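Subject: Structure for your files

Hello,

Here is the structure I said I would hand over. My notes on the ligand site follow it.

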Amino acid sequence: MIRGDSTDYDLLEKWTKDFDCQGYKTCEIGVREGLGSKIIMDNVRNNYIHVGVDPYANLKYQHYDNGPAYTADYTDEMRDTMLKDFKPYRNEGKFTLCNMTDTKFMNDTEHKNSTFAFVHFDGVHTTRAVITEAIWFANRCAPHTRFVFDDHNTYQMSTIAHALTFFDFKTIEMGQNKCLLERKI
Ligand SMILES: C[S@@+](CC[C@H](N)C(=O)[O-])C[C@H]1O[C@@H](n2cnc3c(N)ncnc32)[C@H](O)[C@@H]1O
């Protein structure tokens, strides 16, 4: 069974249901067991491919602003189980794992030229990490793009949402844990 570690998955389902990706990619930063990615892949349409970005490897890192660095349970065994669970999606060319950090992903020439229509931000929960990712993806987004941020109460979401207004994103809906921003031009 593919599990998640947050709430508001019903909202993620609502925001992805029949969302037209216009032939562009979708992405989730921070895959863990895979529930977020599964919901995205099961519900969007006209998606080129879904890209999961996650280093796993039980890394010790700072999870939150002003918090200490610690390891969680994000092990390579978890990655291998996720890859097994996602075999049907991988066989159909619907999913690929970039087994690396957000920083490495964003510096990779291959990904710098991609365009994304839907992104779920659920990796490192510091304001610095999330705003860096958000601006990177905002520079590579489709005419109609949705960004979903998980655990938005744990970092400075209002600062991030304000920065994204300069890329024509508007805040559409705020859940307890997840929120939706959209750009439609
Ligand atoms: C909160 S969990 C993701 C939960 C998942 N999206 C879900 O819906 O169940 C955070 C994930 O972020 C990953 N992660 C840690 N550091 C990262 C980094 N620098 N870049 C991308 N992902 C990272 C962890 O390995 C972990 O799997």
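**Ligand and pocket**

A backbone N or O atom of Asp102 lies 2.9 Å from a nitrogen atom of the ligand; a polar contact here is a pair of N or O atoms within 3.5 Å. Taken alone the ligand exposes 610 Å², and the protein buries 96% of that (areas by the Shrake-Rupley method with a 1.4 Å probe).

This is a predicted model: local features need pLDDT of at least 70 and side-chain atom pairs pLDDT 80 or more, while totals for chains, interfaces and linings use all residues. Residues are numbered from 1 along each chain as its sequence is written, and side-chain values use heavy atoms, without hydrogens and water.

For Tyr9, a polar side-chain atom lies 2.8 Å from a ligand oxygen atom.

The ligand sits in the largest pocket (more than half of its atoms within 2 Å of the grid points). A pocket is an open set of points on a 1 Å grid where a 1.4 Å probe fits, with protein on both sides within 12 Å along at least five of seven lines; lining residues have an atom within 4 Å of a point. Its volume is about 690 Å³. Of its 39 lining residues, Gly30, Tyr61, Asp122, Gly123 and Val124 are closest to the centre.

Regards

Conventions:
A polar contact is a pair of N or O atoms within 3.5 Å; within protein, one must be able to donate a hydrogen and the other to accept it, and residues adjacent in sequence count only if both atoms are side-chain atoms. Grid points are joined across faces, edges and corners, and a volume is the space filled by probe spheres set on the points.
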